[in-house]
Amino acid sequence: MNFSQREQEILKQWDDRKIFKKTLEKDAPKGSFVFFEGPPTANGRPGIHHAESRAFKDSIPRFRTMQGYRVVRKGGWDTHGLPVEIEVEKQLGFTGKAQIEEFGIAKFNELCKQNVWKYKKEWEEFTKRLGFWVDLENAYVTYAPEYIESLWWVIKQVWNKGLLYKDYRVTPHCPRCGTSLSSHELAQGYKDVKDLSVTAKFRIESHGVTESWSNGTSEYILAWTTTPWTLPGNVALAVGKDIDYVKVKQGDEFLWLAKDRLQILTGEYEIIEEVKGEKLVGKKYEPLYPYLRDVIARSEATKQSSEEIVSMGQGLPRNDRDSAFTIVPADFVTTQDGTGVVHTAVMYGVDDFELGNKIGLPKHHVVKLDGTFIEGMDFLSGRFVADEAVAVDIIKDLAHRGLLFSKEKFEHSYPHCWRCKTKLIYYAKDSWYIAMTKLRDELLKQNDNIHWEPEHIKNGRFGEWLREVKDWAFSRERYWGTPLPIWECESCKHQMCVGSFEELQSLRATNGSEAISATEEIASVGKSIPRNDEANFDPHRPYIDEIKIVCEKCSGSAKRVPDVCDVWFDSGAMPFAQWHYPFENKEIVDSGEEYPADYISEAIDQTRGWFYTLLAVATLLGKERPFKNVICLGHVLDAEGKKMSKSLGNIVLPMEAMEKFGADAIRWYMYTINQPGESKRFDEKALSEMVKKNFGILSNVVSFYKMFSTPRLHDSTTLRLHILDRWILARLHKLTKETTSRLENYIITETVRELGDFIDDLSTWYVRRSRDRFKGTNEKDKQSAIATLHECLLTFSKLIAPFAPFLAETVYQDIGGEKESVHLEDWPAFDDSMIDENLLLDMKTVRGIVSRVLERRSEAQIPVRQALGSMKVILPTGELSQEYQDLILDEVNVKKIEVQKGDLSVELDLTLTPELLRDGIAREIIRRVNTLRKEKGLTINNRIELFVSGSDEVFRVVEEHRAELLHGTLSDLIRTKGSSPETSESFLVNDQKVVVGFDVK
């Protein structure tokens, strides 16, 4: 079967018959089952990893719908943020924010809005082709005014709780994008890099540490850094008060470093003195560069205010020059690497900044927000700090001036911008934060009530993240995003947070008129509100920036702060904003009808992305956990385990893969290749084998059923007496029971693997062992076999419907399913009385015996087609019913069996008598003739006249096995004389040359 072509036909059926819509409209006696769709961004093409996540997303809603739940499956589009902005910047050839503002924020954001939908059609086609049923006609869009209004409402609740605040601190900053990143964004951009590290020599100014100084000899303290660009911003050197430090003499120099780091010294040296770090505290040293010292001098000379330059702190009895370039104590100093002395640049390190606040170090920038050095810094002026050439030139300069102790390449993990891939810098500046640290206990409490698959994610990757949660760096100095709804008075600096468009209008208008509606008519009201070029109300920049409101404190004019929100907030608030909560649909959220989610699924990187922000927003609002169950997925790699990338040329395009193998194949592969949380190697060879092993075999079983089935042979009430019927039905009901239980516990991989095992059992044991029953003349037994196979295929089509929806539909239709679609069926029930565990265990033993016999045959190089005389089976019970004995004898082609008591084993009589050899010839004749029948396209309805010719021994075979030959080849008679038919072949078996052929009657 061409699975891909068949899937296309089924897609058309689903469309024509509106099957998805009908599944949403069918009776839902069990009520609502809530699924949240993590919104993709349609300005990038879908990849094979999206096929993984969408396959897992689709399976549980399909299952729950068949169980009798109503699963809305509202789609969504994530439309804001840097992914879109960067794409537009590339189109325009821009490299920074200045070009955007010169171009115009309105025009830039309009291009962003258009770019959002660049690949929307591809996403819709991909989603449809994969068979992922999600409502895209009524999808939420994060840039829609009503969505933004809900976001503003959330922010207002956070503001009212005193959890949203502005602070000046060191934050991860992307110099290319010109904005801060949150801790969860930071976690997504780490890369292993090799950077130049430097150990620099800082000359100590005074001789107050000891009395053993030699006149004319320089004394230095060594400090190590992996970011040489921060050295011009150095203001202090930090030591551990209780760490042992030594002064060594090496050549004509004295060097201070931690005693535990003496291994960094090469060549001979002499330890002159040993002291605790506290003895070094307070000593002054000469800065490596004069630039920061000059900045400090200028700022003090002009007495700039703390608003223009952030001061060293309040109440300190010394100025910046007194506090700078001093050895200071710090708790974070260790001797694990470096020199045991930490170079401190308060504006470019989190620990450094906190230390600076604590002891009053000066705070002045030598680097601009775009990551370039300020003017007046000689060879560094205007250069980008993260360029390796800058590090090289700093090293050369230090070496030239005798201040370089050593340099080396240092491999470490360093954060990069998760979207533009630029190296981040840590940079002190103003940003808005949400105090998530105050909610740590509540976050952990809510996580305790979430079921995670894999389970270890709960207290591992996700739990660790929550235990170490940081305050959320919430604001972004960008353009295309949800505007932060905070207005600041231009007179008294009082700040106000606006929680709705109506509130904005009431604060803006002195008479309270023309309030902005929060309904679907939003675009047609509020005439005095700034609008975009299409005359529609637009809450984005720059239009929202034009709105000034009345200060509630001094009645002055308040202007909106220019920041937008972290884009992850958009998606984290979707449980509420997708319904325009609380302005509309409040009841369906508050009642539990559409909140919390019963199920979500995304890749493992979302533990610090969407999974976290969902929980963060819910906790901020005082709501219970936003999702009850989550399947966390591993990343998709290429066949060799490498990350897929355009540069490596190993990208797999999902539409091409589905065209080649079918969507069900991709889905089944993602479910079964390994556990959900593990990385998945996408190997086309393994995928192809999986299709043959599962789908190909199942299709063959369906074809076999169709050959023998007639309407009267579907009766499920037929009495099942044969051991094989009773066994496969026990197997089926147990499979149904276990599949139901596993899916209710969100266990996918084991479920689908077991379904694959059932396909194998159904084909290689039930159908193959029952083949003669289907062809036989015993009508009752034949009816029982066909009815049993029909029941198995019908139930199985329902069981695989959540995972292979196209194949399930094909099987269901081929065997005469009664409803319009298998997906409109109810989930199959199981009958515990049908699950005969003894029978299942006995059959497992029987199959184990068969395997041992076949191994003995293989070792003796005697094919199964060659009959053997006898065998012994030794069992602990010493008993084996005749039904099982008959199965074994028929399967291994042995004439008789003897059962004895003892440890499990088998013995095989390998003696080949003439009678046994003739039996083997007969079986080979049947096999050869049936192969010829298949090649000629004959069916079971085609009868033939069989021709057999050969030696006298071959004629004896015909006489002894005439009935067997006629039945086995569907022949009406056997001819042994005359010329060979046109359809014939000759072969050698058991030293006998045989010619076989046939004429079709």
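Trp452, Phe462, Trp610, Phe611 and Phe627 come together in one aromatic cluster. This is a predicted model, in which local features need pLDDT of at least 70, side-chain atom pairs count only at pLDDT 80 or more, and totals for chains, interfaces and linings use all residues. Residues are numbered from 1 along each chain as its sequence is written, and side-chain values use heavy atoms, with hydrogens and water left out.

**Aromatic pairs**

- The count is 49 aromatic pairs, where rings of Phe, Tyr and Trp (its six-membered ring) pair if their centres lie within 6.5 Å, and planes under 30 degrees apart count as stacked, over 60 as edge-to-face and the rest as tilted.
- Phe20 and Trp133 make a stacked pair, with 5.3 Å centre to centre and 25° between the planes.
- Phe20 sits in helix 2 (residues 19-25) and Trp133 in the loop between helix 7 (120-130) and strand 2 (135-141), so this pair ties together parts that are 113 residues apart in sequence. Helices (H or I, at least four residues) and strands (E, at least two) are DSSP runs, numbered from the N terminus.
- Phe20 is buried at a relative accessible area of 17%, and Trp133 counts as buried at 9%; buried means under 20% relative accessible area, exposed over 50%, and partly exposed in between (1.4 Å probe, protein chains only).
- Trp472 and Tyr612 are a tilted pair, because their ring centres are 6.5 Å apart and their planes at 55°.
- That pair links distant parts of the chain, with Trp472 in strand 16 (residues 472-473) and Tyr612 in helix 21 (residues 610-620), 140 residues apart.
- Trp472 is buried at 1%, and Tyr612 counts as buried at 1%.

**Charges over rings**

- Lys74 lies over the face of Trp579, 5.0 Å from the ring centre; the rule asks for NZ of Lys or CZ of Arg within 6 Å of the ring centre and within 35 degrees of the ring normal.
- Lys247 puts its charged end over the ring of Phe254, 4.9 Å from its centre.

**Salt bridges**

- The structure has 68 salt bridges, each a side-chain nitrogen of Lys or Arg within 4 Å of a carboxyl oxygen of Asp or Glu.
- Asp397 pairs with Arg401 at 2.9 Å, N to O; Asp397 counts as buried at 18% relative accessibility, while Arg401 is partly exposed at 36%.
- Lys429 and Glu477 meet at 2.6 Å, N to O.
- Lys429 belongs to strand 14 (residues 425-434) and Glu477 to the loop between strand 17 (475-476) and strand 18 (486-489), so the bridge ties together parts that are 48 residues apart in sequence. Lys429 and Glu477 are both buried.
- Asp919 bridges to Lys895, with the closest N and O atoms 2.7 Å apart.
- Asp919 is in helix 31 and Lys895 in strand 28 (residues 894-901), so parts that are 24 residues apart in sequence get tied together. Asp919 is buried at 3%, but Lys895 is partly exposed at 47%.
- Arg865, Glu924, Arg927, Arg928 and Glu985 are joined in a salt-bridge network.
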